[in-house]
Amino acid sequence: MPDRQIGEVKRTEEEAFQYFVNRYDIAVSKVNQLEQEITEAQNKGSYLTKLIQLRKRLLNFDGIGNFIPLLDKLDELEKGLSDLIQENQAGNLVVKKELIEEARPYTESEDWYNGGDALQEIRTRWIRTGPVDKEINDKIEEEFKAILDSFYQRRKAFFEEQNRIIDERIFRYNDLIKRSDELARRYDWDDAFIELKNLQTEWKIIGDIPPKVLKVLYRNFKKGTTYFYEKYCRAKGIQVKKKEDPRVEAQLRMVKEAEKLAESDDMMAATARAKVLLNEWKTIRVPSHIANRNVAERFRAACDKIFELSYLMKVIARKYPTFNFLSDKQKDLSKYREMEIIVKRARTDLDDLVLSYDSSPKNEEMDQMIQSNLKTQKRKLLMKEVILEELRQKVSSL
């Protein structure tokens, strides 16, 4: 390489020369440091750019020393990195080809939900896989992108068509609602009644739309048809008998049975039957818009009463072995005294639970659990107090 000026003599030639000799040590240090970093690094290929930049700096570095070994070392390191990068790129190419083949079946898939999740997972692995040789990188990236585009564009078109169909169905539902409202203004009863039946038939065959939207639309449709039907029945002199939902009727039957069981003398049998009724109750799915909250509360109260009386009778059986030989008055007095003890203990337990809740650190999940437990304990205490009051009145009348 040609001679070049690397500095000026400020004081003496010896000092200037020594300064640039010392500068050479900096260059040696930079090369050794880079070599150590490459040796210790896991992703060695990422140091290639840094190595190339260091070589450019060495070629114009202001210092005096033997730079040829340093450049030779960088050449050796570069060759090692280049070989490693080529090896990694070859491995990356194998992985990406496998990912392309894994994604390829989705170019014709219509499993929009699972397919979308699967392709997203494949795409994540693609991004995490390192680069391939620049000469084929664009080609392989385009091939993978084409597979994704094929699926997502078809999926987009599918959902756009689904939305169009849903919008069309909603329009038809609204048209039926409008026509049902118009029925109330008609007085050609027979023809209007036939029209009512036609509207109800059309409603059933329009097709699915989002459930929440359908619920609102059906409520409006039902309002119009019910109003017309009531007018029609009045005009025709027809006595309308309200039809109860079979699920509600089933719940009413269960409530009556549970309330009857609560008055039974055989609490063991009543408890066994109440447990069966509770399980059956859970299987009856009554929609919220027809569910009767009062019925549910009556059923829960009847079951609570059965279980509390059952517990009372267990206590009585344990403490009074000769209970069955006592007079009715003595039996009622015994039950009243034991129920007083049970109620006092339940109140104390509830107070302790409230105190524990108030003093404990607040946690949303735990808070919900404790609140639910408090609600249950309060409900049970209330039923115990009801039974106690019934027994008190019975004892007082003796």
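**Reading a pocket and a helix**

Colleague: Which residues lie nearest the centre of the second largest pocket?

Modeller: This is a predicted model. In it, 21 residues line the second largest pocket, and those nearest its centre are Ala 296, Glu 297, Arg 300, Ala 301 and Arg 379. The space in this pocket comes to about 670 Å³.

Colleague: Which helix gives the most to the lining of the second largest pocket?

Modeller: Helix H10 does, with seven residues. At least two residues each come from H9, H10 and helix H12 (364–396). By kind, the lining holds 11 nonpolar, three polar and seven charged residues.

Colleague: Now helix H8. How many Å should its 16 residues span?

Modeller: H8 runs over residues 246–261, and at 1.5 Å a residue it should span 22 Å. The C-alpha atoms at its ends are 23 Å apart, which agrees.

Colleague: Which residues of H8 are buried?

Modeller: The general idea comes before the case. An α-helix makes a turn every 3.6 residues, so residues three or four places apart point the same way. In H8, the buried residues are Val 248, Ala 250, Gln 251, Met 254, Val 255, Ala 258 and Leu 261. Because they cover an arc of only 155° around the axis, they sit on the same side of H8.

Colleague: What covers the buried residues of H8?

Modeller: The cover includes helix H9 (267–283) and helix H10 (293–319).

Colleague: Which exposed residues does the face of H8 turned away from its buried side carry?

Modeller: That face carries Pro 246, Arg 253, Lys 256 and Lys 260.

Note on methods:
Residues numbered from 1 in each chain as written. Predicted model: local features only at pLDDT ≥ 70, side-chain atom pairs only at ≥ 80, totals over all residues. Heavy atoms only, no water. Helix = DSSP H or I, 4+ residues; strand = E, 2+ residues; numbered from the N terminus. Expected span 1.5 Å × (residues − 1). Buried < 20%, exposed > 50% of the residue type's maximum accessible area, 1.4 Å probe, protein only. Arc of directions from axis to C-beta. Contact = heavy atoms within 4.5 Å. 1 Å grid on protein atoms, 1.4 Å probe; cavity = no way out; pocket = protein on both sides within 12 Å on 5 of 7 lines; lining within 4 Å. Points joined across faces, edges and corners; volume = space filled by probe spheres on them. Nonpolar A, V, L, I, M, F, W, Y, C, P; charged D, E, K, R; others polar.
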